[in-house]
Amino acid sequence: MPSAFLPDRAFVRITGADAEHFLQNLITTDLGGFGAEEARPGALLTPQGKILFDFLISRDVDGFLIDIRADQLEAFVKRMTMYKLRAAVTIETLPETGATVTWGEAGDGAVDHRFALAGTEVRRKPAQHGKAGGRDGYDALRILHGVPESGADYALQDAFPHDVLFDKSGGVSFRKGCYVGQEVVSRMQHRSTARRRAVIVSADAPLPVAGTDLTIGGKTIGKLGTVAGERGLAVIRIDKAGEAMAAGEPILAGDVPVTVTLPGWSGLTFPSAAEEV
């Protein structure tokens, strides 16, 4: 089956009598909304509602397993330990490094909910297993289904959960009650003020490198993230893109004309005028 080894992932196990209550009051994911062998996206936000850390979280024996970028591991554990206080919680860094991701056939590991929404079963588990390939195939799969990830497609502390489709992918709850940054995120939801969204970018020629501006009439609406040949991901102002498409104005990545589409699983559409999305 197709597979990839992602060496830049690390794992934290959070267990203890208070583990679920502890996490439920901190992170964006509703832990009551999914069962075993399912990994949901989640984040710990700043008080201003921006993503401070993002990760995938799954149930693990007597607690929860968090799959996070390795370069964020130390800072994440330090922040969670600060919040712990006297809670009956153990925060443990796993010795395994990297993650093996498989797709296309039945496998083992936690099912990545982001891809399941698009009708593709993708499973993840710690460490390297078998002769997993490089990450190119995984990145191409993310582009195909419109699944952005921090570092490659957006910067931490720069994006709101809505910007990267957490409100559509099960990564943020609007019903479970308070958590860090919840007030800002809920206000964006109820006022429908989210105008930046992750999109799939395609062209008839190879796209320029990641970080290239996407522009309309010389004005930047976003930047390219992950790129694989003629397709890529970006987080853009979809109100501006919608206006341009309605008016027949070209959208450019550098000097390459591109088409932008919202992931079908998101249920979102481009507005055709300067209106709330």
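Which residue follows α6, and is its phi positive or negative? That is taken up in point 2.

1. A word on the basis: this is a predicted model, where local features need pLDDT of at least 70, side-chain atom pairs count only at pLDDT 80 or more, and totals for chains, interfaces and linings use all residues. Residues are numbered from 1 along each chain as its sequence is written, and side-chain values use heavy atoms, leaving out hydrogens and water.

2. The residue after α6 is S192, with a positive phi near 55 degrees. Helices (H or I, at least four residues) and strands (E, at least two) are DSSP runs, numbered from the N terminus. Within α6 (residues 182-191), Q182, V184, V185, S186 and M188 are buried, that is, under 20% relative accessible area, with exposed over 50% and partly exposed in between (1.4 Å probe, protein chains only). These buried residues pack against β3 (38-45), contact being heavy atoms within 4.5 Å.

3. Strand β10 (residues 196-202) has five of its seven residues buried. β10 runs antiparallel to β13 (residues 231-237), with seven bridges, and antiparallel to β15 (residues 256-261), with three; pairing requires at least two DSSP bridges. V201 has G232 as its bridge partner in β13, while I200 has T261 in β15.

4. Salt bridges (a Lys or Arg side-chain nitrogen within 4 Å of an Asp or Glu carboxyl oxygen) number 25. D108 and K125 form one at 2.7 Å, N to O. This pair links distant parts of the chain, 17 residues apart. D108 is partly exposed at 44%, whereas K125 is buried at 19%.
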